[in-house]
Amino acid sequence: NEAALLTAREKKKTITHDEIDEAIDRVMAGPQRKSRIMSDEERRVTAYHETGHALVAAALPHTDPVHKVTIMPRGRALGYTMVLPDEDRYATTRNQMLDQLAYSLGGRAAEELIFHDPTTGAGNDIEKATNLARSMVTQYGMTERLGAIKLGTSDAQPFLGRDYTHQRDYSEEVAGIVDEEIRKLIQNAHQEAYDVLVANRDVLDALVVALLEKETLLKDEIAEIFARVKK
């Protein structure tokens, strides 16, 4: 009896893979909203939006692997795509940032391609992409036109989509150039995302069908469908 009780206690203390997975999801996107019931049309739009993110990430050469895609509502999001590096990284290249911009706008591009009527669901994506593009221009010197100079003072965290304390210390003329460079980065990233989706429309539809059926797809399932992706 004592041995059985001890075994039961040990099992009770064991943390399962599902529990770890749920903890990661909570940190990344917030608690699951089981009470949020989406209509069939909302689910379809969300599925294409999240698949757009995942497909663009899979097609570009400098993005991290897609670990999960889900249309289960969490936090304020109707779904989310988890893209994570397989190993620690301590610096980010310009090409990686450019691909991250395109991946961030993949959901918006998918809505435009399929429905010709984008939703407000891409608002947070656009905010993050704009903050990253601004940091590339003003903090990291990653545009040829302005060169490797730092413009303004900021405690921004662009990879978290935060840029609340940016203060300008440059002229109106330079500010105009900054705005142009940011707009150019965003427009190019959006076009690249759109082109990827057009070139891989059959794969886009295939993942959406699977996502609508299962609601959550993991890395191996996604990789199997994405085996036909044109890079």
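Good morning. In this model, helix α6 (residues 123-138) packs against helix α7 (residues 172-199) at an angle of about 130 degrees, and their axes lie 9 Å apart. The model is predicted: local features need pLDDT of at least 70, side-chain atom pairs count only at pLDDT 80 or more, and totals for chains, interfaces and linings use all residues. Residues are numbered from 1 along each chain as its sequence is written, and side-chain values use heavy atoms, with hydrogens and water left out.

Helices here are DSSP runs of H or I, at least four residues, numbered from the N terminus. Axes are lines fitted to C-alpha atoms over the stretch in contact, and angles run from 0 to 180 degrees between N-to-C directions.

Which residues of α6 meet α7? Ala129, Thr130, Ala133, Arg134, Met136, Val137 and Thr138 contact Val178, Glu181, Ile182, Leu185 and Ile186 of α7, where contact means heavy atoms within 4.5 Å. By class, this contact has 8 nonpolar, 2 polar and 2 charged residues.

I turn now to aromatic pairs. The whole structure holds 1 such pair, defined by ring centres within 6.5 Å. Tyr48 and Phe115 form this pair, 5.7 Å centre to centre with 85 degrees between the planes; the pair is edge-to-face, the term for planes over 60 degrees apart. Tyr48 lies in helix α3 (residues 40-59) and Phe115 in helix α5 (residues 106-115), 67 residues apart. Tyr48 counts as buried because its relative accessibility is 6%, and Phe115 counts as buried at 18%; buried means under 20% relative accessible area, with a 1.4 Å probe and protein chains only.

Key. Helices (H or I, at least four residues) and strands (E, at least two) are DSSP runs, numbered from the N terminus. Ala, Val, Leu, Ile, Met, Phe, Trp, Tyr, Cys and Pro count as nonpolar, Asp, Glu, Lys and Arg as charged, and the others, Gly among them, as polar. Rings of Phe, Tyr and Trp (its six-membered ring) pair if their centres lie within 6.5 Å; planes under 30 degrees apart count as stacked, over 60 as edge-to-face and the rest as tilted. Buried means under 20% relative accessible area, exposed over 50%, partly exposed in between (1.4 Å probe, protein chains only).
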